[in-house]
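Trainee: I would like to learn how to read a few local features off a model. Please show me the structure and take them one by one.

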Amino acid sequence: MKKFLINIPLLALCTTLTLVSCNTTKNTTTNLPKDISERPADEDSQKYEQAQLDKLKAFIESDASKEKCTDASAWTFAPMGAKACGGPQQYIAYPKKIESTLSPRIEEYTQKIKTFNEKYNITSDCMMVMPPTSIKCIAGKALLITPEQ
């Protein structure tokens, strides 16, 4: 009987500890790493740099297309961007009157693309983009005419 009386407090203690430990909730997600898609891109990531290049390209294209094309002789074109194996990615048409402001931005974009390609070992299709032969104004937009057209 003495043994039984000693085991009762021990059993009560074990039961209490078990119930208390089961009742405690922990937030198990606090120590888990965040999903990579939810992490903000840092300034040293390829994704961040690509987004910056895309913004610069969009800004250049937006500036070039602000003016309506009515006279093709008032427009010119320039190579823009750089493929990994050489040559431009594309050609862009823009009004000659904004050449002094737009040309440095095009050069900046091209240089940044070259640096990006080297830094991240980017490959390309290596297809040569033929330079346009002329510009035509169609429906208020400048259209680059290539030898194939």
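Trainee: Is D63 buried or exposed?

Mentor: Burial is read from relative accessible area: under 20% is buried, over 50% exposed, and in between partly exposed, with a 1.4 Å probe and protein chains only. D63 has a relative accessible area of 15%, so D63 is buried. The model is predicted: local features need pLDDT of at least 70 and side-chain atom pairs count only at pLDDT 80 or more, while totals for chains, interfaces and linings use all residues. Residues are numbered from 1 along each chain as its sequence is written, and side-chain values use heavy atoms, with hydrogens and water left out.

Trainee: Where does D63 lie, and which residues does D63 touch?

Mentor: Helices are DSSP runs of H or I with at least four residues, strands are runs of E with at least two, and both are numbered from the N terminus. D63 lies in helix α2. A contact means heavy atoms within 4.5 Å. Leaving aside residues up to four places away in sequence, D63 touches I98, L102 and R105.

Trainee: Which side chains make polar contacts with D63?

Mentor: A polar contact is a pair of N or O atoms within 3.5 Å; within protein, one must be able to donate a hydrogen and the other to accept it, and residues adjacent in sequence count only if both atoms are side-chain atoms. The side chain of D63 has such a contact with that of R105 at 2.6 Å, and another with that of K66 at 3.2 Å. Helix α2 also holds E49. E49 is buried, at 18% relative accessibility, and its side chain makes a polar contact of 2.9 Å with the side chain of Y120.

Trainee: How many aromatic pairs does a search of the whole structure find?

Mentor: Rings of Phe, Tyr and Trp (its six-membered ring) pair if their centres lie within 6.5 Å; planes under 30 degrees apart are stacked, over 60 edge-to-face, and the rest tilted. The search finds two pairs. In one of them, F77 and Y91 have ring centres 6.2 Å apart and planes at 75°, so the pair is edge-to-face. F77 is in strand β1 (residues 75–80) and Y91 in strand β2, so the pair ties together parts 14 residues apart in sequence. Y91 is buried at 17% relative accessible area, whereas F77 is partly exposed at 28%. F116 and Y120 form a tilted pair, 5.0 Å centre to centre with 55° between the planes. F116 is buried, with a relative accessible area of 5%.

Trainee: What should I look for in phi?

Mentor: Most residues other than glycine have a negative phi. C126 is not a glycine, yet has a positive phi of about 60°. C126 sits in the loop between α3 (99–119) and β3 (134–138) and is partly exposed at 48% relative accessibility. A139, also not a glycine, has a positive phi near 55°. A139 is in the loop between β3 and β4 and is exposed, at 78% relative accessibility.

Trainee: Which element gives the largest share of the lining of the largest pocket?

Mentor: Strand β4 does, with four residues. The lining has eight nonpolar, two polar and three charged residues. Here Ala, Val, Leu, Ile, Met, Phe, Trp, Tyr, Cys and Pro count as nonpolar, Asp, Glu, Lys and Arg as charged, and the others, Gly among them, as polar. A pocket is an open set of points on a 1 Å grid over the protein atoms alone, where a 1.4 Å probe fits, with protein on both sides within 12 Å along at least five of seven lines; lining residues have an atom within 4 Å of a point.
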